Amino acid sequence: MQLKINGNADAETTAIDSIGYIKNHANYLSIKSEADSIQKTLYKIGYIENELNSINRINDSMFSAKIHLKKKYNNVSIYYNTSDIDPKLLNTLSKKVFDNYFTIPFSELENALVFINSKISEKGFPFTKLHLSNIEIDTESDLKANLVVETPKEKRIISDIIIKGYDKFPRSYLKHYLKIKPNQTFNLNLIKSKTQQLNNLRFASEMKSPEVLFSKDSTTLYLYLQKTKSNSFDGFLGFGTNEDTNKLQFDGYLNLNLTNNLNYGESFRLLYKSDENDQKTFETNMSLPYLFKSPIGLDLALRIFKRDSSFSTVNQNAKIHYQINAKHKIYSGISSTQSNNLLNEVTSATILDYKTTYYTIAYQFLKNQSSNLLFPINSQFYLETNFGKKNQSNQQEKQSLLSFDAFKIFNLDLKNSIYIRANGATLNSNTYLENELIRFGGINSIRGFEENSIYATLLGLLNTEYRFQLNNSIYVHSITDLAYFENKISNTDEKLFGIGFGFGIFTKTGLLKFNYANGKIENNPFKLSNSKIHLSLTANF
């Protein structure tokens, strides 16, 4: 069946056609419903006196409805009480705000009232009601009315928070990470936006939106959470006989991550790497957030690096962090570094024993995009300043180390994105040793170069990628890396370029990357010989 709606005149018919309506219907009830819907739409745009005169059947498949639009009202002046509404709020709705009334187009009336009601509700009055009274004709095409606000006397505050599903969820995250706590003004929209940030945590996620139980004298908030698997182990071991020494030699990679096993949100990481370039790295990190239910946390780290038989470096640091909110965090702490020359004879004046002690101040910004499994972090900025002294051969000198690391993902659409990362560091000192310089190169810095093969006193690095997601767990990307570095020991400054392509696969233990840059294949920051026996193990628990 077909429906045709006409007005009392050609101008009215044109106005109705401009709204748009469904013309093809299955039965008469659908036609009647569509005519009623058109009437309601006409009310909202100012034809508040419109009348549906009739719906006539022209033939077996054609129906004609006639609506008399009558007069259209363009604007409405709403008189309000300043004790009920803040005039500053009205400035976002209208450019014509006066001491006791404001004027808006009639077509915006419903949205304006909904907006005002939502803002009053956010102040702890979710049961507020609004309506217009004493509606009168002001001018030929304008109306005026009084705004009546019915607000409960008592403000609603959160009296209790009950967690369902994950009873042992660390409540410090509610108070300091989400900023939700009892005796807080109730604002459901704000609570929903905050609880969505739980999906950015590795160890917990939201099962469904929060709910509220209102009683006469209490407001109870229910959160529905679930604990997620957040521990992972990834290992790759190669062992065989060294052809020169005939001794058993191990090369490989071990990465263990433990998160929230004690239900405090704590994390522990252990990393070990050994490759055939005779570089060995051992790292362990521990983070203890919200100590004694405060917004203050503790971060501890130990890093040991050994380069063949030249030198070894041990770095220890302890930081106290303060969680400002879910995105911002500041750090303060102390770090100590000790490096030893392993050569039997002093063959180089640039590799010597030394010790440094730094005082550290740092800032971190982190913005997540939990909807993307491959790239859960949209942007990050980390700035660290270190000031202290170096002790070498019973001599002291002042020293500073400044570094930053920032990246941003620009999402073009659901599959295409551009990744840009900027990284830099500078070591300021009167004298320099090779074993204290900034080391870079490899899959995590400039691709197409050996891991930690380049030494610098000043470094500037830019990584760019064009990414295309094949599905939720696989993506391919281009590689364009630029780097500039200076080495004051050798008095050199150089520009480096890395060009290539790569792809990444999301597995249960994390994101695996494989790159080809500058004619060099990079799959992980280690290399294993084909002559060795390889064992690998991955687990997620």
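Which side chain does Lys4 meet in a salt bridge? The partner is Asp17, at 3.8 Å from N to O. By salt bridge I mean a side-chain nitrogen of Lys or Arg within 4 Å of a carboxyl oxygen of Asp or Glu. Lys4 sits in strand E1 (residues 2-6) and Asp17 in helix H1 (residues 10-19), 13 residues apart. Helices (H or I, at least four residues) and strands (E, at least two) are DSSP runs, numbered from the N terminus.

Before going on: this is a predicted model, where local features need pLDDT of at least 70 and side-chain atom pairs count only at pLDDT 80 or more, while totals for chains, interfaces and linings use all residues. Residues are numbered from 1 along each chain as its sequence is written, and side-chain values use heavy atoms, leaving out hydrogens and water.

The count comes to 18 salt bridges. In another one, Glu384 pairs with Lys319, with the closest N and O atoms 2.8 Å apart. Glu384 belongs to strand E20 (residues 377-392) and Lys319 to strand E17 (residues 311-323), 65 residues apart. Glu384 is buried, with a relative accessible area of 14%, and Lys319 is buried too, at 13%. Buried means under 20% relative accessible area, exposed over 50%, partly exposed in between (1.4 Å probe, protein chains only).

Now the helix. In H6 (residues 188-195), Ile191, Lys194 and Thr195 are buried. Seen down the axis of H6, they fall within an arc of 90 degrees, so they line one face of the helix; the arc is taken from the directions from the helix axis to the C-beta atoms. These buried residues pack against strands E10 (204-214) and E11 (219-227), contact meaning heavy atoms within 4.5 Å.
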